[in-house]
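Here's a quick briefing on a single-chain model. Have a look at the structure first, then go through the notes below.

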Amino acid sequence: MTRPDPHTSGEHRTPEVPERLDITRATLDDWAVISGWAAEEGWNPGLADARSFFAQDPDGFFIGRVDGEPVSAISVVNYGDDYAFLGFYLVRPDLRGRGYGMATWTAGLAHAGGRTVGLDGVPAQQDNYRKSGFELSHTTVRYAGVPQAPRPAPDLAPGTVSPVADAGGLESIALYDSACYPAERPRFLASWLAGDGHRALARVVDGRVTGYGVIRPGRETFRVGPLFADTPQDARALFDALLATVGRAPVAVDVPESNAAAVALAEAYGLTPGFATARMYTGPVRPFAQERVFGVTTLELG
């Protein structure tokens, strides 16, 4: 997820690096500070997200310092040769308006090279992102709350929901994921499916994976993501099973507004819409089954 510095949001041009700002690649230890900033912005990051993020592209995380103190951050994580995702665009609130954000933005984007870059940003800043070459794809809305018992589910095709290890493990999940995401990401998935506190479940019908989902603890609520499924019925079976692993706890799921069935699923459980983000890209992305995306994996890495 990315939120530009509101005091510099009109600066989307190539800037000079502000005097005294030192931008370097961030370490996993550095990212604990940045995750704290994200929590203060209300993003509710997962408690163990950083390790999985760094597993995909450890060189894709940048931090700006002044006199050794962190002041800005961005991630631009590469997926293969064609796609990258931008997130964690942050400037410490008391130091905004000094050009630190734009300089960090430029340094991060350079890491993507010629790849198409995606981001989930605040809709009000779409015009500023367009100045850097991003175009709107769709809006994503965070639905959150304590899930309520929905109406009885329609009949499901016979099938099972089980831990991903019982559904072919990483190989079968990565194959399914590749149809639902614009890039291959096996390194990320290997860590995400087995992350601390993560529960990863798959639905299998007639020996074939028809969806999978992950729920994980966040700073404020449990987070569901991804939630990928062939049909609304498959998505509901997975969602029920994921919720059962955490009891009556508050949850949040980021739902593409363009998928009416996904919105209906969140509403059926009494979850309420909160903030929205704009999914934007700098160019074409590989076709993927957007109708199967009932919950985005993470706003920070796509």
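At 45% relative accessibility, T160 counts as partly exposed, a class that runs between buried (under 20% relative accessible area) and exposed (over 50%), with a 1.4 Å probe and protein chains only. Keep in mind that this is a predicted model, where local features need pLDDT of at least 70, side-chain atom pairs count only at pLDDT 80 or more, and totals for chains, interfaces and linings use all residues. Residues are numbered from 1 along each chain as its sequence is written, and side-chain values use heavy atoms, with hydrogens and water left out.

**Around T160**

- T160 sits in strand β7, residues 160-163; strands here are DSSP runs of E with at least two residues, helices are runs of H or I with at least four, and both are numbered from the N terminus.
- Setting aside neighbours within four places in sequence, T160 is in contact (heavy atoms within 4.5 Å) with A202, R203 and V204.
- T160 and V205 are 45 residues apart in sequence, yet their C-alpha atoms are 6.7 Å apart in space.

**The chain as a whole**

- The chain has eight helices and 13 strands.
- Its radius of gyration is 19 Å, close to the 19 Å that the globule rule gives for 302 residues, so the chain is as compact as a globular protein of that length; the radius is taken over C-alpha atoms, and the rule is 2.2 Å times the number of residues to the power 0.38.
- Along the principal axes, the C-alpha trace spans about 65 × 35 × 35 Å.
- Buried residues make up 56% of the 302.
- Of the contacts with a separation of 6 or more, 77% come from residues 24 or more positions apart.
- The accessible surface (Shrake-Rupley method, 1.4 Å probe) comes to about 12200 Å², and carbon and sulfur atoms hold 51% of that.

**Q56 in helix α2**

- Q56 belongs to helix α2, residues 49-56, and counts as buried because its relative accessibility is 3%.
- The side chain of Q56 reaches the backbone nitrogen of F188 at 3.3 Å, inside the cut-off for a polar contact, which is a pair of N or O atoms within 3.5 Å; within protein, one must be able to donate a hydrogen and the other to accept it, and residues adjacent in sequence count only if both atoms are side-chain atoms.
- Beyond residues up to four places away in sequence, Q56 touches V77, N78, Y79, R185, R187 and F188.

**Aromatics**

- A search of the whole structure turns up 17 aromatic pairs, meaning rings of Phe, Tyr and Trp (its six-membered ring) with centres within 6.5 Å; planes under 30 degrees apart are stacked, over 60 edge-to-face, and the rest tilted.
- F53 and F88 pair edge-to-face, at 6.0 Å centre to centre with 65° between the planes.
- That pair links distant parts of the chain, with F53 in helix α2 and F88 in strand β4 (residues 83-91), 35 residues apart.
- Both F53 and F88 are buried.
- F54 and F61 are stacked, at 4.0 Å centre to centre and 10° between the planes, and both are buried.
- One aromatic cluster takes in W31, F53, F54, F61, F88, F188 and W192.
- R185 lies over the face of Y181, at 3.8 Å from the ring centre; the test is NZ of Lys or CZ of Arg within 6 Å of the ring centre and within 35 degrees of the ring normal.

**Helix α3**

- In helix α3 (residues 100-110), the buried residues include Y100, M102 and W105.
- Among the elements covering the buried residues of α3 are β1 (21-25), β2 (61-66), β5 (116-121) and α4 (126-130).
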